[in-house]
Amino acid sequence: MDPEKVLSFRTSPKAQERLEELLWKNKASEGLDEAKKAELEQFMLVEHIVSVAKARALKYISAAAA
């Protein structure tokens, strides 16, 4: 995949809204049920994978420019 495309990747507004809702509920007194905890963990895993991919893309672009 094109490193520039990796760096420009953004979460959809709908997914971002859902993530914020889960984070808010997780911090609030109501907490999350097991299904919502699993959903939040999946969001966090995907965020980690995307962060790693962006770091590698940036490293690739920097090396290519040198």
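Tutor: This is a predicted model, and in it the axes of helix α2, residues 13-27, and helix α3 come within 10 Å and cross at roughly 125 degrees.
Student: Which residues in α2 and α3 meet?
Tutor: From α2 there are A15, R18, L19, L22, L23, K25 and N26, and they meet K36, E39, L40, F43 and M44 of α3. Sorted by class, this contact has 7 nonpolar, 1 polar and 4 charged residues.
Student: Let's pick F43, then. Leaving aside its neighbours within four places in sequence, what is F43 in contact with?
Tutor: F43, which is found in helix α3, is in contact with A15, R18, L19 and L22 once those sequence neighbours are left aside. As for L19, this residue is 24 residues from F43 along the chain, yet their C-alpha atoms are separated by 7.0 Å.
Student: New topic: how far apart are the end C-alpha atoms of α3?
Tutor: They are 47 Å apart, which agrees with the 46 Å that the 32 residues of α3, residues 34-65, should span at 1.5 Å a residue.
Student: Which residue caps the N-terminal end of α3?
Tutor: That residue is D33, with a side-chain oxygen that lies 3.2 Å from the backbone nitrogen of A35.

Methods. Residues are numbered from 1 along each chain as its sequence is written. This is a predicted model: local features need pLDDT of at least 70, side-chain atom pairs count only at pLDDT 80 or more; totals for chains, interfaces and linings use all residues. Side-chain values use heavy atoms; hydrogens and water are left out. Helices (H or I, at least four residues) and strands (E, at least two) are DSSP runs, numbered from the N terminus. The expected span of a helix is 1.5 Å times one less than its number of residues. A polar contact is a pair of N or O atoms within 3.5 Å; within protein, one must be able to donate a hydrogen and the other to accept it, and residues adjacent in sequence count only if both atoms are side-chain atoms. Axes are lines fitted to C-alpha atoms, for helices over the stretch in contact, and angles run from 0 to 180 degrees between N-to-C directions. Contact means heavy atoms within 4.5 Å. Ala, Val, Leu, Ile, Met, Phe, Trp, Tyr, Cys and Pro count as nonpolar, Asp, Glu, Lys and Arg as charged, and the others, Gly among them, as polar.
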